[in-house]
Amino acid sequence: MLVNQFLILAAVLFCIGVYGVIARRNAVMVLMSIELILNSVNINFLAFALRNGSIDGHVFALYIIAIAAAEVGVGLALVLLVYRNRKSIALDELSEMKG
Amino acid sequence: MVAQNIAFGIIAAIMVVGALRVVTVNNVVHAALWLVLVLAGAAAQYILLTAEFVAVTQVLVYIGAVMVLFLFGTMLTRAQLGREKKLNNSTWYLGIPTSLLLLGVMILALTSSFGNEKLPTDSEIVSTQAISDQIFGPYLLPFWALSFVLLVAVIGAIVLARKD
Amino acid sequence: MFAEASTVAHEALSSGWFLEHAFLIPIIPAVAFALIIFFGKKLPMKGSELGVLSMIGSLVFAVGAALQWIHRVNGAGEGQFIDPVIRSWTWWNSGGFHFGIGQHIDGLSLTILVVVAFISSLVQIYSLEYLRGDRRYTHFFASLTLFSAGMLNMVVAENMIQLILGWEIMGLCSFMLIGHWWEEGANSRAALKAFFTTRTGDIGLLVGTSVLFFSANSWTQEHLGVSGFSIRGLSAWALTGNPGHAAITVGAVALFIACIGKSGQFPLHTWLPDAMAGPTPVSSLLHSSTMVVAGVFLVARLYPVFFKGMNILGSGVNLITVIGGITIVVAAALAFVQTDIKKVLAYSTVSQLGYMMMGLGAGAWMPAVFHIFTHAFFKACLFLAAGSISHSASHHSFEMKKDMGGLRKFMPITFTTWIISTLALCGVFPFAGFFSKDEIIDNVGHNGYTVFMVVGLVGAFMTAAYMTRATYLTFFGEPRGASAGESHDDHGDAHATHDTHDTHDAQAHHGPHESNLLITVPLMILATLALGAGLFNATPFGESWERMTKWVEPRSVVVADMAHASVGETRGVRTDDTVAPPMMMSSTPTATASGEETPVGGEALTTASESSAHAESVCGTSAPEMGTCYAPQLHHAPFKWPKAAMSVVIVLLGMLISWLISVQMYTKKAGFFVGLTSRNKLLALGYGFLVNKYYLDHLYEKVIVHGIAHPIAKAAYWVNQNILDGIINGVGLVTRRVAGWVYRNVDQRVVDGAVNGSGAVARGTGNALRPVQSGKVSQYGALLFAAAAVAGLVLIIVNT
Amino acid sequence: MDILRDHNWVLSVGTFLPLAGVLVMLFIPKAEEQLQKAVALITALATLGVGVYTLTLFNYDRAGEMQFVAQTNWISVIKSTYYIGIDGISLPLYILSMVITVLVMIYSWDHIPSPGNPKAFLMLMLVLQTGMAGTFISQDLILFFVFFELVLLPMYFMIGVWGGENRQYASLKFFLYTMFGSALMLVAFLALFFKTGAESFAIPYLVEHGGAIAKNTQVWIFAGMFIGFAVKVPMFPFHTWLPDAHTQAPTQGSVILAAVLLKLGTYGFIRIAIPMLPHAAREWAPYIGLLAVIGIIYGALGCLAQTDMKRLIAFSSVAHMGFVMLGISTLTSFGMNAAVFGMVAHGLITGMLFFVAGSVKERYHTLEIARLGGMLKQVPHLGWILGFCVMASLGLPGLAGFWGEFPAILSAYSPLHGLSEGTFRVFMVIAAMGTVLAAAYLLWLFQRTAFGEPKPEFGGPSSDSHGQHDHASHDDAHHSDIHDVTVYEWVAWTPLLIGIVVFGVMPNLLFKLIDPAVAAIVSHIGG
């Protein structure tokens with residue numbers, strides 16, 4: 001097995017996730033895209049862990065999973081809140097930061 | 001090794017397709033289900049990478065918990081379960097060049113730096129004990145930090161989502 | 001930061017405490033200024049006493065130093081170079097060099113020091129009365145004191161930076177004092193104009209100083225162990241160091257531009273008349289006797305640089321003489337058509353400064369410096385007299401035609417002092433002006449600048465004429481307007497609001513009267529000097545009378561300099577730059593020559609220069625093979641009575657003609673109606689004129705006055721007001737317009753637009769950066785990732 | 001024991017003490033405003049105390065070398081270490097940042113801009129202080145970058161929350177501009193890191209080995225750094241964020257921005273870009289000089305076109321920093337001395353000018369030059385202080401401004417050998433003209449605002465009632481609060497005023513410090 005096949009797979013997933021983040025309008029969808037990105041990162045970690053024969057990659061992968069869980073939790077809570085306030089989770093309608 | 005390569009190819013193909021569907025499909029629930037597929041594929045890849053424990057965690061946490069969360073979130077925000085117009089925002093087309101550019105850069109970097117370097121094949125499965133030794137040994141401090149993060153996240157989620 | 005310098009004892013030349021501590025002279029008023037600012041309002045006399053006392057203190061120090069200098073000179077051997085008393089402490093250091101601050105005391109600086117301190121003291125005393133009850137009494141004295149500090153500092157300056165310091169402080173004070181009554185827009189505009197015009201000239205000062213510094217620094221550091229800013233270093237470098245022609249020329253021209261601005265020379269003189277918006281004591285101190293001669297002083301101070309840079313004595317014409325000559329005539333012509341007495345004096349100041357410049361340009365160094373000396377006295381006196389008139393007679397008005405006339409009966413002292421100073425200004429024989437002005441004209445001719453000698457004579461004629469006119473309008477004829485006692489508030493109140501103090505308005509309503517002692521005593525003192533100051537350098541009475549020449553003029557001899565030896569340690573130590581005394585180099589043939597030729601007695605130098613035909617010091621003409629020069633070899637015109645007589649005759653002629661014209665114009669016209677007095681005056685003018693007076697009347701009025709004088713003068717004035725002034729104002733206007741345009745179009749559209757263009761990538765177009773900051777997370781994400789991708793790409797490119 | 005490493009704790013303490021203050025303030029309830037202010041002020045004062053202690057410990061005879069050096073592992077993965085030290089260039093700026101913070105705190109005592117909330121405001125200010133101090137002492141590129149960015153956020157919030165009516169636009173413009181710059185800067189840093197063999201991010205190491213990089217690569221890397229720093233300075237084409245940021249920021253924000261933040265860019269040039277990439281610096285110098293003089297003239301013209309006092313002062317910053325950059329672009333120790341002095345002087349003077357502008361705004365509720373007038377009559381002290389700062393700002397000898405301006409012009413006459421003298425002499429003349437323009441717009445400002453009679457709308461005499469007037473008679477809300485300088489303002493301003501005079505009269509206080517350090521840097525360029 002090549003190192004690159006995993007890395008490139010991760011890269012592809014990552015870019016798809018990026019596209020999702022940029023293109024999607026629905027907040028939940030955006031969160032999902034972010035999950036894609038995180039997973040691609042995980043794949044990288046593990047691939048390198050195998051390559052270098054070290055174990056740290058695994059540890060970090062686990063941490064990332066945990067972080068992702070937390071992030072999803074908070075993110076969805078935010079989405080709920082937003083929805084409750086403005087009956088919509090369409091991101092392009094939230095432009096409070098508009099100058 | 002061939003078997004592994006074949007397995008990788010199939011799984012990878014499935015993952016890519018699934019991922020593409022996730023970001024293109026016009027139905028939130030479907031997207032969530034496609035995402036499940038991708039995550040499962042990822043778990044499979046972890047196994048190929050001799051990371052059993054991680055793969056298991058992936059299945060438990062992600063496919064178990066996270067996806068449930070997603071579905072709940074979807075329900076609670078009353079996104080209609082059927083097809084939905086305008087899941088993409090007005091400037092979605094920006095995503096394509098950006099991500100393609102990014103992909104190009106990464107592949108360029110990867111190929112130039114790793115060429116066709118092989119992964120070690122003789123390495124045995126990483127034992128859960130080894131991982132736990134790492135976590136509770138040198139990585140104890142980050143572990144604590146992480147626990148705090150989770151705690152904060154839980155509290156934060158509750159605070160945010162409370163109705164009052 | 002200033003570490004005390006270890007002054008090397010002068011074994012050859014005597015020195016003294018005052019000489020060694022001359023740097024205190026500017027410090028005294030500087031301290032006084034701070035005190036006035038902080039505590040002035042609480043003091044019994046509102047801080048004015050501090051100002052006066054500090055000026056008197058400076059005067060005492062200056063006189064003491066001057067006496068010790070005279071002793072030093074008298075003690076020196078014939079033909080020996082009398083090195084100035086230089087002390088210096090490290091002020092700042094950069095690029096490994098130390099730059100000093102300190103004192104450079106020689107005859108020139110002492111002359112100006114005494115003059116400035118003296119006139120400042122008198123003017124401050126005068127102001128005690130003149131500005132009594134003024135709204136900003138304390139501020140006025142503070143600024144006046146600060147000005148004196150700046151001027152004195154510029155005079156004692158050891159190097160160019162220190163000189164610039166004083167120079168700019170003077171500009172600041174001039175700004176504050178002209179705008180003293182800033183409630184009126186006109187005053188503050190005049191202040192702005194003055195500061196701005198001089199500042200424009202100062203470009204030259206900055207550039208010139210830089211050019212000279214970098215051209216000279218290495219040479220001076222090597223040979224004298226002083227920086228390229230030091231005045232001593234620059235003088236020596238100009239004469240000895242074989243400076244590059246381009247460098248020194250550019251430097252000199254640039255510096256001279258600054259002098260043009262400061263001394264109100266021809267193209268940039270327009271600010272000076274406007275500066276009369278300030279209180280009269282200010283006009284008298286800053287804008288006639290002291291500050292405006294700063295430019296002349298700079299030329300005299302760095303004379304070797306200008307001597308080489310402008311190729312003085314090398315040809316029959318150079319920039320300085322041309323500018324000076326033009327200024328003389330133009331300004332004098334303008335003085336004819338003024339009705340404001342202070343404006344007349346202002347233009348006369350400009351034209352006198354032209355004399356000084358012309359003299360310096362033509363190699364008449366000593367007469368020019370002497371003219372600074374004498375001119376200060378009588379011009380200050382004239383201004384103070386004008387102030388006294390407006391203060392006590394004409395209800396704070398300076399309009400000669402409207403508010404003056406016939407005042408000689410009411411203010412005898414003012415009248416007398418005015419007459420004396422006028423005669424001095426015109427250069428009538430026994431008065432101070434004669435000895436200096438005539439010397440200038442004489443030497444200019446003698447040095448081969450024939451054209452400019454003629455210009456000088458014409459100028460003398462015109463000076464006499466317009467001064468006579470002013471005198472007549474002010475003191476003779478019938479009292480008019482305010483001096484006639486009628487209180488017209490049409491413009492009276494405008495001044496009353498700031499000249500203020502009801503007591504005096506009341507008196508002014510009582511009609512004209514003599515001012516009190518605080519005003520008249522300074523007038524009398526100055527008048528006495530205007531009468532007698534000429535004797536300090538009375539060339540006509542033989543060399544024993546040429547004291548100034550002996551004391552002030554630097555001797556142009558080659559001196560071997562000890563500084564090389566001490567360069568090593570002086571460079572290292574921070575208390576450096578104190579110059580080892582230059583010693584006589586008896587081996588140099590030139591020096592011994594000038595030594596042998598000199599008869600016994602104090603007049604070593606003058607004979608050296610008179611016999612310069614065969615015993616010529618190489619200084620100025622060529623660099624000595626060893627040793628250094630500090631002053632170029634100058635020639636002195638032998639005094640000849642016929643020439644003097646001729647100029648005096650010209651002057652008297654001018655007075656006479658002008659007097660007749662004035663009578664015809666100003667009184668005769670009134671004569672038809674008023675009657676007796678004017679007829680008496682006509683009789684008094686001489687019977688012979690009665691016969692064909694109408695004919696003369698016709699002749700003067702129509703032909704001379706309206707036919708020639710008025711058109712020319714009016715044209716000149718028109719040019720002045722509309723073209724030159726217009727240019728200056730126009731430049732300002734255009735600049736603002738351009739600025740506005742640039743701001744609106746370039747800044748807001750192009751530059752900003754370019755930036756905002758990047759926003760257009762995100763969505764369409766739009767003004768400002770709004771498109772980018774649409775506030776939509778997705779677009780921020782797009783930007784972020786794209787940037788990351790680009791960054792990665794760059795990284796790869798750079799890295800492979 | 002190595003004298004240069006003695007007491008190497010002072011710098012860390014001086015840098016991170018404000019964060020301790022922030023921690024304390026976190027636990028003080030929002031309502032306790034006075035207590036908040038007190039704690040913040042005490043923290044700032046304590047920090048300044050440490051700074052003064054540093055001054056006393058500093059070895060002035062070896063100002064050219066890094067002192068109080070401390071170095072420990074930080075991020076070993078990317079070979080970045082916690083490496084700090086201070087020399088003659090950093091010291092004045094380091095102290096300046098502390099002084100300014102204290103003064104701003106004092107000023108804030110009764111000038112908390114709307115919408116209030118001193119707790120957050122002062123905490124941001126303390127964080128800002130840490131960022132500024134840290135930037136000046138860090139000897140490691142990553143550390144430098146972290147502090148450099150740490151400065152950005154508090155300022156962003158200061159402008160965005162406490163700013164004027166158009167604050168969001170201004171703050172985002174400021175933020176995006178600087179982010180854009182620092183992104184490229186980071187890339188440049190990384191490139192430099194890899195090009196020097198990925199050995200270390202330590203500045204001395206990079207200075208030592210940077211010169212070996214191929215010339216073309218250097219030019220590219222320099223380009224990245226140039227944009228990063230030039231935006232911060234700001235230099236001519238990148239300056240458009242400055243007027244908006246200044247105009248919208250609260251007074252305290254403008255003061256800190258003008259006094260310290262702008263210096264980060266120029267400091268970066270002197271400390272990092274030029275010594276690390278000498279060849280590129282030689283290549284770039286003429287263009288930097290060109291942009292600098294354009295900035296001088298251009299900023300002056302911009303000033304002449306302004307109708308708003310604060311905006312005018314902001315544009316004048318562009319012109320003054322132009323002088324600083326001109327000095328730097330000569331690559332001579334003369335020029336760089338002038339530049340560093342100019343940085344300090346500009347910090348004092350322009351900071352002071354913004355203080356005045358803030359107080360004017362507070363009294364008159366407008367900064368329209370056309371509407372102001374007669375300040376000397378209505379608020380004499382404020383008016384005279386304005387006049388003083390104006391004179392200092394137009395480079396009057398005897399005040400601090402002159403020593404940054406004239407030596408810069410001077411140095412342009414003979415740049416580093418190898419640079420085209422003709423070009424730089426042209427620059428010199430143009431810059432000299434810039435001084436006249438400076439006089440023009442500053443005096444114009446002073447004449448319009450301070451001279452004349454106060455406008456009727458602010459209780460000046462209306463056209464008919466001429467002469468003296470008492471404020472008691474005019475007590476409608478519009479100008480009832482037009483009062484002269486308050487005691488807080490006096491306390492906050494006096495140190496700056498004194499500093500301007502002292503450095504103007506005794507410039508060697510600074511030059512003595514700067515000169516050796518600059519010489520050390522110039523020696524790397526081979527100047």
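# Reading one predicted complex

Biologist: Is C:Asn311 buried, exposed or partly exposed?

Modeller: C:Asn311 is partly exposed because the count inside 10 Å is 16 C-beta neighbours. The scale counts other C-beta atoms, placed from the backbone, within 10 Å: 20 or more is buried, 12 or fewer exposed, in between partly exposed. This is a predicted model, in which local features need pLDDT of at least 70, side-chain atom pairs need 80 or more, and totals for chains, interfaces and linings use all residues. Residues count from 1 along each chain as its sequence is written, and chains are lettered from A and ligands numbered from 1 in written order.

Biologist: What is the phi of C:Asn311, and where does the residue lie?

Modeller: Phi is near 55 degrees, positive in a residue that is not glycine. C:Asn311 lies in the loop of chain C from α13 (303-309) to α14 (319-335). Helices here are DSSP runs of H or I, at least four residues, numbered from the N terminus.

Biologist: Which backbone value stands out at B:Thr50?

Modeller: Phi again: about 60 degrees, positive, and B:Thr50 is no glycine. The loop between α2 (28-48) and α3 (52-76) of chain B holds B:Thr50. B:Thr50 counts as partly exposed because 18 C-beta neighbours lie inside 10 Å.

Biologist: Which residues does the cis peptide bond join in chain D?

Modeller: D:Val233 and D:Pro234, with omega about -10 degrees. Look for D:Pro234 in the chain D loop between α8 (215-232) and α9 (241-248).

Biologist: How many residues of chain B are in contact with chain A?

Modeller: A contact means C-beta atoms, placed from the backbone, within 7 Å. On chain B, 78 residues are in contact with 62 residues of chain A. At least two residues each come from α1 (2-24), α2, α3, α4 (95-114), α5 (128-136) and α6 (140-161) of chain B. The largest share, 13 residues, belongs to α3(B).

Biologist: Which residues touch the most other members of the largest nonpolar core?

Modeller: Such a core joins buried Ala, Val, Leu, Ile, Met, Phe, Trp, Tyr and Cys through C-beta atoms within 7 Å. The largest has 456 residues, and C:Leu113, C:Val296, C:Cys381, C:Ala530, D:Ala273 and D:Tyr441 touch the most other members. Helix α13 of chain D (residues 333-364) gives the most to this core, 19 residues.

Biologist: Which residues does C:Val296 touch?

Modeller: Leaving out residues up to four places away in sequence, C:Val296 touches C:Ser263, C:Leu353, C:Met356, C:Met357, C:Leu360, C:Ala368 and C:Ile372. Another core lies apart from the largest one and has 78 residues, among them A:Met32, A:Val79, B:Leu94 and C:Phe785.

Methods:
Contact = placed C-beta atoms within 7 Å.
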